[in-house]
Amino acid sequence: MYPMSAEPVGIAIFAKAPVEGFAKTRLAPRLGARGAAQVQRRLIEKAVRVACAADVGPVSLWCAPSVEHASFEDLSAAFPLTLHPQMGDDLGARMAHAFDVLTPEGPMLLMGTDCAVITPAHLVGCADALRRGADAVVVPVEDGGYILIGLRAPAPGLFTAMPWSTSAIMALTRERMRSAGLSVVERETLWDIDRPEDYDRAVAEGLL
C-alpha cells in the first residue's frame, strides 16, 4: 500500500479491449487481427502491473467499449483496481470525463497502454511532480503524442477539439497548457507501440 505520509495520486489506465479488429489494428498487417489483439492483451496487463507496482495511489482501469470483456474482469480479480467504462464522444471527452470523476479525490495520472518501456519509477516521478505542486505533468512519446498526462484539477481545454492520433498532439498540448497558465513538468520522452516497426523494436528489446 502506498505510504500514508505521501499524498495519494491516482492512476487511471485507458485501455481498449483486446478484441480482434478493434485494438492495435495497425499491427494487423504484420501479426494478423488475432496476433494484434494478443499484443494488446499483454500491453494492458503490463500497464496494470507497472501502475500497481508504482504504489502511488489507487489504480483504475477505464475500459472500451465496456467493462464486460473477460480480460478486464480477470485483471480486476488479480489486481487491486477498479473498473470504469470510458464515456464520451471522442478520446478527449473520455479523458476529460475521467479527470472530472477522479480529481475531486486528489491528483491523478492518466496513462495509455501502448508504452512498453514505462516503469514504476516513471510513475513515481510523475506523481511526485504533482505532489510538489505542479498543475500538470506529461510524458511525451517519440511520435509527437504523449503516453501520460497528470493533473491536480480538471482542465477540459486540454482535450477538446484535438487532432488525436496525429504528431501534433504534444505541441498543441504544450500551447494549451501555456495559455491556461498551468505549471507543467515535462518528463523524458519515451516511445510507444503503434506500428509494426515499433513492435519489432519492442521484441528486439525483450519488452514483449
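I first sorted the lining of the second largest pocket by class and found seven nonpolar residues, five polar and one charged, where Ala, Val, Leu, Ile, Met, Phe, Trp, Tyr, Cys and Pro count as nonpolar, Asp, Glu, Lys and Arg as charged, and the others, Gly among them, as polar. The model is predicted, and local features need pLDDT of at least 70, side-chain atom pairs 80 or more, while totals for chains, interfaces and linings use all residues. Residues are numbered from 1 along each chain as its sequence is written, and side-chain values use heavy atoms, with hydrogens and water left out.

I noted that this pocket (on a 1 Å grid over the protein atoms alone, an open set of points where a 1.4 Å probe fits, with protein on both sides within 12 Å along at least five of seven lines; lining residues have an atom within 4 Å of a point) holds about 180 Å³, a volume being the space filled by probe spheres set on the points, which are joined across faces, edges and corners. Of its 13 lining residues, Gly10, Pro58, Leu102, Glu105 and Pro107 lie nearest its centre.

I then turned to the largest pocket, whose volume is about 1,100 Å³. Its lining has 38 residues, and Arg26, Leu91, Asp114, Ser165 and Asp194 are the closest to its centre. By class, I read 17 nonpolar, nine polar and 12 charged residues in that lining.
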